[in-house]
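Student: I have not looked at this one before. Can you put it up and take me through some of it?
Tutor: Here it is.

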Amino acid sequence: MNSTRRIFLQTSALAATGLVIGIELRRPASSDKASVFRPNAYISITHDNIVRLWLTRSEMGQGVRTTLPMMLLEELEADWSQVQFEQAMPGGQFNGIRLRTSGSGSTVGTYDALRKAGATAREMLIAAAAEKWQVGASTCRARAATVTHLSTGRHFTYGELASAAARQKVPDNPPLKNPKDFRIIGTRVKRTDGLGIVTGHATYGLDVRVPGMLFAVMERCPSLGGKLVSFDATKALAVPGVRQVVPIKSGIATGVAVVADHTWAAMKGREALHVEWDLGPNQHFDSEAFLKEMEAATSRDGYFVRNDGDAIKALGTAAKTLEATYEFPFQAHAPVETMNCVADVRHDSCEIWAPTQCPEVAQEETAKTLGLPLDSVKVHITLLGGGFGRRLIADYVSEAVEVSRAAGKPVQMVWTRPDDMRCGFFHPCDIQHISGGLDASGRPIAWRQKSVGSDLSVVNFPSEEDKKSPRIYSDNELPWGSFDNPYNFAHLKANFVPLNSPVPTGPWRAVFYPPPVFARESFLDEMAHAVGQDPLEFRLRLLQPGDVLKIGSQEIDRSRLIRVLQVAAEKSGWQRPLAHTNDRLLGRGIACNVYAADCYIAQVAEVSIGRKSHDIRVHRIVCAADCGLVINPGGLEGQAESGITWGLSATLHGRIDFKNGAAVQSSFTDFEVIRMDEAPAIETYIVASDHSPGGFGETAVPPVAPAVANAIFAATGKRIRRLPITSDKLKVPASEFPVHTRRWLIPQ
Amino acid sequence: MPTFVLAINGHQHRIDTAPDMPLLWALRDLLGLTGTKYGCGMGVCGACTIHEDGDPVRSCQIPVANTAGKKYITIEGLSANGTHPCQKAWLEEDVSQCGYCQAGMIMEAVALIRRKPNPSDEDIDADLADHICRCGTYQRIRRAIQRAAHEGSKA
C-alpha cells in the first residue's frame, strides 16, 4: 500500500482515556495470514497482540467511535490500551452489515450484534487456551486481552492465542455477560478521538489529500429544477490555476464545475464563468405563498393515520372546543463542514473519500454512474464535520465522481457556504392544525391533528404507486409525533395531507418529529390554560393510567413518560414560580415526547423577555430522559446538550425562505444559529431503567420549541405558533394577540 | 505569479500564488496545514481562526499579500503534541462532538486567556460569540476555558 495515501487519525497516550487509537480509513491489503484471528467482521487479533475493531457507523459527533468500541470491548474482555480502530467500508467483510448512520440508530442497531461479536471472539480465545492447557474452558477466565487458567495462574495473551483461536468452532450463541457485571458499558468514557481533533490532525472530508488531486467548485442553477443551457468558460480558464470546466448533471442541482489546482482558483474561475440557464418551471416559487397554500390545505382530509373513537363527533358535543394552527418553516442543516468529496475515477475502479452517513448508497450510485461492478468502488468514510441527516444523500459524491471522470485525476468537490445553504435539500416546511375538545369539568376528551407537509421527496417516499393506498402513511407510522401521540384521549384522529413543493426535502435532525411535536405540545399547553390547569398536571392526567399504548409496531410505556415529566419538573423547580423583574418577564414551559417508542424525554425551559425590548433569552433548559440502558452517560449528556442547542437554533432563528425559485438565506449572517452568548445552561438528568438501549442522537430536538414557546406564554401571555420565535412577534400587545388563530368553535 | 514568504508556526514557507488568495486556502491547499477549517469564507463562523502576531484573526479574510512581516500560529503550531493547557482542558471536559469547529474555538480561547488570564462568563461570551458550533458544545467550551484559565493561574 502506498503509505502517502493512507489517512491516519492518531492520538497518543495523552488522550483522556489513555487510549491509543489509529483509525485507518483504508482497509489494509490482504493480511489474512494464519496468525490472524478474525472471528467475524468486527474484530481481528494478530499474533503481535494487536486487537483491531472495525467501526460500522460514521462518526459525526454522536460518539460512535467511543460507544461502539465500548460494546465490543465489554464482551471481548480487552482494554482500551490494546486496541486499534478501523473504519468499516462497504463491501467485502461488511457485505450485509449496515453502515448507514441514521435515525438515532447507531446504538440500537449495533448493541446486540457487537456484544455477540465480542462474546464470540472471547469464547473462541478461551477455548483455544483451554485446548492448549488441556483443561475445561470453565476453569479459564478472559480479562484484559489475556486468558488465565484460574487455578494455576498460567496465561496467554490474545495475540499468543490468535492462531489457535482461529481454528476453534464459531459458537452460535456465545454467553453474554449479565449487565450487572458490565465494567465498561455504563461508565463515563471520554471521546477516544479527542486528541486528533484538538491538535488539528483529525481528517474530515475536506482534509483529504491524495497525490495529484485537483479541487473543484460548482456553479449550480439559481432556480429549483432549472437546467443548464450553455456556458462560456473562456474567462474562467484564463484564471491562473484553473485546469478545466465541466458540466455536471448529477446531484440535486445541475451546473458547471470549475476544476483547478486549489480551491481558491476554482472559486475565482467560477466567478468568471458565463452560464445561460433555463430557469425552469419553479422560477416563481415563493415559500410565503406556499405556506398560505398549506394552510388552506388544512381543510382537506388527506390520509388518515390514526383514528381512535370518534373525534369528530366528540368535538361536536364537547363543552369547550379550541383550535389552532402552527407553522414550521423550511430549515437548512448547515453543518460547519460544507458538503465535499474526493473521487478518484480510474478506468476500471473508483475510490471515494467522503464524509457520508450513507456509504452504501455512495458506492451503489458511483458504480451505477460509472458502469462498474460494486466491488470496484471503494468508499472511505472520513470524520464528518456534522451530519444531521444532510449526509444521508450522496448527491455531492456523484458530483465529485462526474468531475473526476472528466478530469482523469482525483478531484475534491468543495461546496461553498452559500452552496451548502441554498443548493442541498431541506427540512420541509409544515403546517399543523389541531382541534381539541374538553368536557364540562375541563377534562380533555377529543383531539384532532391534521398535518400538512411534504413527503421527504429526496428519498423518494412514497412512490406514486404507494399513494394509491389510503393506509400508506399510517402503515409507515407517519407523521412521527402525531401518529404516536402518547396521550390518552378517548377520541383521537390524526390525518396527513401531503402537499409537495419543488424544494428538495429530506431528513433533518429528528426527521418528522419537530413540527408535529411543536404543535402537539404547544396545543396541550393551550388546552391546559383554557381550563385553568397546570400544564404539567394536565399532561400527567392525560397519561393515566400509565399503561402501555400499543400503536402500530410501537409500544409506548406511558409510565416512563410520566416519570421523566416528574423528574424534569422537580429538578427545574416547576412548583416554584419565577418572579418577574423590573425589566424582564420570566416564565417556564414544559414539553415532552417519545422518540420511536424507546426514548422518553421531558424538558423545562426558563425564559425571560425584555418588557420594552422584547428580546428573548433562554436561560436554562432542564432535560430528563429515559432511554433504557445507557452505554456512555457522558455521551448521552453531550447529545442532550447538542440536540437542545440544535432545537433552540430552529426555535429562535432558523428559517429558509424561497423567492423566485431560490433559497434567500446564504450564510450564517442570515441563517443564524445559537452561539456562545445565547447558549442556555443545560442540565440533563438520566432516569435509570433496565430497558434495552434506545437511540439519543435526535431525541432532545423536538421538545425544545414547544417548551420555549410555552415558557414565553407563561411569561407574557403571548402564544407564538409560528417559528422562529423572534422578538418582533412579541411586540404585539397581549390583548390583541391570538384572536385570529384561536377561537371558541362552540361558545357555551 | 508573485512569491510570498509566510511565517507559519515558526517556519518560513515560500509560495507562488495570486496575491488575493486568502491565507486559509494557502494553509490548507498549498501548505497542507488542514487543521485550520473552512466554514463560511466571510469571517462569520470562526472555524478558520489562527493567530497573527498573537491576536486571533480569521484566516479566510487575510489575503496572502497582507501577511508580510507577520508571524502566524495555527492549531498545528499551538503545541508539539496537544499539551497546551487549552488543548488539555478540551480533552478533560470532553468538549468535542463532530469537532470541526474546535480548532477555531481553541485558538480564540488561547488568545482570550492570554489577554485576560481569568476571563468572566461575559468575556467568554464576547469573544467566543464570533464562532459557531452546530453540535452545541458551548457549555463544555465554557467549562474548558475556565479550567484552562484556572490551570494557568496555578502555574
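Tutor: One definition to begin with: the expected span of a helix is 1.5 Å times one less than its number of residues. Keep in mind that this is a predicted model.

Student: OK, helix H3 of chain B then. How many residues has it, and how far does it reach from its first C-alpha to its last?
Tutor: Helix H3 of chain B covers residues 102–115, which is 14 residues. The distance from its first C-alpha to its last is 20 Å, close to the expected 20 Å.

Student: Is H3(B) mostly covered or mostly exposed?
Tutor: Mostly covered, with twelve of the 14 residues of H3(B) buried. Among them are B:Met105, B:Ile106, B:Val110 and B:Leu112. B:Gln102 and B:Glu108 are on the buried list too.

Student: What do the buried residues of H3(B) pack against?
Tutor: From chain B, they pack against E3, E4, helix H2 (85–92), helix H4 (121–128) and helix H5 (138–154). Chain A contributes helix H4 (194–199).

Student: Switching topic. Which domains does chain B have?
Tutor: The domain assignment gives domain 1 at 3–77 and domain 2 at 85–154. Their centres, taken over C-alpha atoms, are 21 Å apart.

Student: How many residues does each domain of chain B bring to the contact?
Tutor: Domain 1 of chain B brings 15 residues and domain 2 of chain B brings twelve.

Student: And which elements give two or more residues on the domain 1 side?
Tutor: Strand E3 (49–52) and strand E4 (55–58) of chain B. E3(B) gives the most, three residues. By type, the domain 1 side of this contact has six nonpolar, seven polar and two charged residues.

Student: Now chain A. What is the strand order in the open sheet of three strands?
Tutor: The order is E7-E8-E9, with antiparallel pairing. On average, neighbouring strands there are turned by 20° against each other, direction ignored.

Student: Why is one side of E7 and of E9 left without a neighbour in the sheet?
Tutor: Strand E7 (140–143) and strand E9 (155–157) of chain A are at the edges and have a single partner strand each, so one side of each has no neighbour in the sheet.

Student: How many bridges join E7(A) to E8?
Tutor: Four bridges join E7(A) to strand E8 of chain A, residues 146–149. A:Arg141 stands opposite A:Thr148 in E8(A).

Student: Which helix of chain A touches E7, E8 and E9?
Tutor: Helix H2 of chain A, residues 111–133, packs on the sheet and touches those strands. Its direction makes about 135° with that of E7(A). Helix H3 of chain A, residues 158–166, lies across E8 and E9 of chain A, at about 85° to E9(A).

Technical notes
Residues numbered from 1 in each chain as written. Chains lettered and ligands numbered in written order. Predicted model: local features only at pLDDT ≥ 70, side-chain atom pairs only at ≥ 80, totals over all residues. Domains from an automatic or database assignment. Contact = placed C-beta atoms within 7 Å. Nonpolar A, V, L, I, M, F, W, Y, C, P; charged D, E, K, R; others polar. Pairing = 2+ DSSP bridges. Axes fitted to C-alpha atoms, helices over the stretch in contact; angles between N-to-C directions. Buried ≥ 20, exposed ≤ 12 C-beta atoms within 10 Å, placed from the backbone.
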